[in-house]
Amino acid sequence: MTDKVQELVSKCLQARDMAYCPYSRFPVGAAILTADGAIITGCNVENASYGLTVCAERTAIQRAVVEGHRQFTAIAVTCDIKDSFVGPCGACRQVLMEFGPNWTVYLTKPDGSYKETSLSELLPLAFSPVHLAKD
């Protein structure tokens with residue numbers, strides 16, 4: 001594991017510990033690696049009006065955009081499930097795709113082990129900004 005991947009995985013685990021999830025009790029953490037090497041984290045933030053809950057991946061991407069980042073290379077995502085790798089929900093996959101299909105995705109277990117995949121693999125035949133381009 002490279003130092004940067006190790007740091008990304010570690011930060012997503014730390015972000016999970018910050019989750020606000022009193023309803024589901026399902027904490028999720030995410031850490032995004034920007035093209036310039038910064039790591040931006042996010043956690044899920046629930047709301048009593050369940051539909052207003054924001055996932056960890058979307059929290060991280062929104063924080064990154066606010067901080068001026070628009071190009072990303074990887075994301076690590078974790079939750080408390082110990083016996084399998086869990087990926088981002090469909091809505092989060094679509095939001096990540098907004099910033100390009102070439103992300104490396106590290107699905108991370110609580111013990112820090114991870115499975116490497118790609119956003120394109122997680123969201124095949126994705127709808128993206130290129131589909132909105134005018135000819």
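Call a residue buried when its relative accessible area is under 20%, exposed when over 50%, and partly exposed in between. Keep that in mind as we walk through this structure, which is a predicted model.

Let's start with the aromatics. Searching the whole structure turns up four aromatic pairs. One of them joins F72 and F99: the ring centres sit 5.5 Å apart with the planes at 85°, so this is an edge-to-face pair. F72 belongs to strand β3 (residues 72-78), while F99 is in the loop between α3 (90-97) and β4 (104-108), so the contact ties together parts 27 residues apart in sequence. With a relative accessible area of 25%, F99 is partly exposed, whereas F72, at 8%, is buried.

F72 also pairs with W103, this time stacked, at 5.2 Å centre to centre and 25° between the planes. W103 is in the loop between α3 and β4, so its pairing with F72 in β3 ties together parts that are 31 residues apart in sequence. W103 counts as buried, at 2% relative accessibility. Put together, ring pairs link F72, F99 and W103 into a cluster. Another ring, that of F85, has K109 lying over its face, 4.5 Å from the ring centre.

Finally, the surface: Y20, Y23, V45 and Y50 make a nonpolar patch of about 440 Å². Y50 sits in the loop between β2 (39-43) and α2 (56-66) and is exposed, with a relative accessible area of 60%.

Notes:
Residues numbered from 1 in each chain as written. Predicted model: local features only at pLDDT ≥ 70, side-chain atom pairs only at ≥ 80, totals over all residues. Heavy atoms only, no water. Patch = residues over 30% accessible without salt bridge, like charges linked within 9 Å, V, L, I, M, F, W, Y side chains within 5 Å. Areas by Shrake-Rupley, 256 points an atom, 1.4 Å probe, with all protein chains shown as cover. Salt bridge = Lys/Arg side-chain N within 4 Å of Asp/Glu carboxyl O. Helix = DSSP H or I, 4+ residues; strand = E, 2+ residues; numbered from the N terminus. Buried < 20%, exposed > 50% of the residue type's maximum accessible area, 1.4 Å probe, protein only. Phe/Tyr/Trp six-rings, centres within 6.5 Å; stacked < 30°, edge-to-face > 60°. Lys NZ or Arg CZ within 6 Å of the ring centre and 35° of its normal.
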